[in-house]
Amino acid sequence: MKAVLDTKPDSIYNDDIAYRYHFPSSYLTALKQCIGDWIVYRRTRAGGGDMAYFAAGRVTHIDPDPDVSNLHYAYIKNFMLFDTPVPWTRDGRYAESALREVQEPWQIGARMRDNSVRLLEDRDFSEIVLLGLSRTLAKENAILLGLDDRSVDEQTNALLRGDAVPAERKVAQLLVNKKVRDARFRDAVCTAYGNRCAVTRLQLINGGGRAEVQAAHILPVEHGGPDIIQNAIALSATAHWLFDRHLISIGEDYRLLVSHNKVPSEFRNLFPAEGDQIHLPNEKLHWPSQKYLEQHRERFAAG
């Protein structure tokens with residue numbers, strides 16, 4: 001069974017939405033029904049939220065909070081941030097069928113109060129996800145995002161272009177497809193950095209309008225790193241190569257760290273002046289997380 005999970009930036013709960021959702025026992029029965037299935041996250045109005053659905057993920061298991069008796073953690077896998085936030089109501093129609101069944105608009109507030117976990121029908125889930133990935137799936141963006149016929153395998157191409165696949169099945173396949181996930185992740189990171197390399201500050205766009213900058217994971221996926229902007233940095237191919245081999249890293253002050261005895265001298269002119277910060281996203285929310293950078297620096301120092 002699928003569900004909507006409400007969240008807000010100043011939550012009293014210990015959420016880390018790419019990994020886990022922290023919740024009280026009152027929602028345990030509902031969330032147990034979601035184990036092995038998908039959820040969507042929705043921002044609440046509290047804390048200045050836009051009340052939009054903004055990401056999806058799959059619940060793998062639930063564990064009790066070892067420190068607080070009446071709290072639990074739902075663990076999340078295959079987290080994917082939408083490219084387009086989906087409003088909870090469009091043209092007067094609510095995205096959740098349970099809300100559409102409410103007879104009087106003034107009753108919606110009462111229905112939502114203390115109801116941060118709501119079961120969601122498959123049809124509603126599919127509609128929300130497809131709207132949330134509308135930029136990624138748009139045919140006119142295929143070349144720009146590297147999802148054109150020549151860039152993807154036959155299975156991915158059939159998934160992206162085929163209309164014969166039932167919506168629920170198509171959405172589930174999209175959310176785990178590596179080509180689609182990589183395209184969505186790269187687009188989110190490159191957009192956050194203005195398609196500019198964080199190290200060289202160069203903004204190179206090829207003839208097809210595609211940025212040459214790459215999205216580099218700070219903590220690799222194979223080591224448990226999530227596909228979120230805060231676990232990434234936009235880098236040119238050369239800087240990406242150096243970063244992945246821990247020949248360069250990023251300090252706590254967001255200044256570049258260089259292993260001078262291992263980095264060829266001809267690369268030095270790519271780096272910012274000593275003491276300068278790297279190029280960072282305009283939105284501080286999207287800056288690289290020190291939690292992930294710390295682990296990268298440990299490998300850098302060990303090298």
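## Starting at a helix cap

Mentor: N177 caps the N-terminal end of α9, with a side-chain oxygen 3.0 Å from the backbone nitrogen of K179. A polar contact here is a pair of N or O atoms within 3.5 Å; within protein, one must be able to donate a hydrogen and the other to accept it, and residues adjacent in sequence count only if both atoms are side-chain atoms. Helices (H or I, at least four residues) and strands (E, at least two) are DSSP runs, numbered from the N terminus. This is a predicted model, where local features need pLDDT of at least 70 and side-chain atom pairs count only at pLDDT 80 or more, while totals for chains, interfaces and linings use all residues. Residues are numbered from 1 along each chain as its sequence is written, and side-chain values use heavy atoms, with hydrogens and water left out.

Trainee: What span does helix α9 reach from its first C-alpha to its last?
Mentor: Helix α9 covers residues 178-192, which is 15 residues. The expected span is 1.5 Å times one less than the number of residues. The helix is close to that expected 21 Å, and its own reach is 21 Å.

Trainee: How many of the residues of α9 are buried?
Mentor: Buried means under 20% relative accessible area, exposed over 50%, and partly exposed in between (1.4 Å probe, protein chains only). Among the buried residues of α9 are R181, F185 and C190. The helix is mostly covered, and the buried count out of 15 is 11.

Trainee: Which residue just after α9 takes a positive phi?
Mentor: Look just past the end of the helix, where phi is about 65°. The residue there is G194.

Trainee: Which residues is D227 in contact with, leaving aside neighbours within four places in sequence?
Mentor: Contact means heavy atoms within 4.5 Å. On that basis, the partners of D227 are F79, R181, F185, H217 and V221.

Trainee: Are the rings of Y21 and F23 stacked or edge-to-face?
Mentor: Rings of Phe, Tyr and Trp (its six-membered ring) pair if their centres lie within 6.5 Å; planes under 30 degrees apart count as stacked, over 60 as edge-to-face and the rest as tilted. A search of the whole structure finds 7 aromatic pairs. In the pair of Y21 and F23, the centres are 6.5 Å apart and the planes are at 20°, so the pair is stacked.

Trainee: And what is the angle between the planes of W88 and Y94?
Mentor: Both W88 and Y94 are buried. Their rings form an edge-to-face pair at 5.2 Å centre to centre, with an angle between the planes of 70°.

Trainee: Which residue lies over the face of W88?
Mentor: A charge sits over a ring if NZ of Lys or CZ of Arg is within 6 Å of the ring centre and within 35 degrees of the ring normal. Here the distance from the ring centre is 5.0 Å, and the residue is R42.

Trainee: How many disulfides does the structure hold?
Mentor: A disulfide is a pair of cysteine sulfur atoms within 2.5 Å. C197 is in none, and the nearest cysteine sulfur, that of C190, is 10 Å away. For the structure, the number of disulfides is 0.
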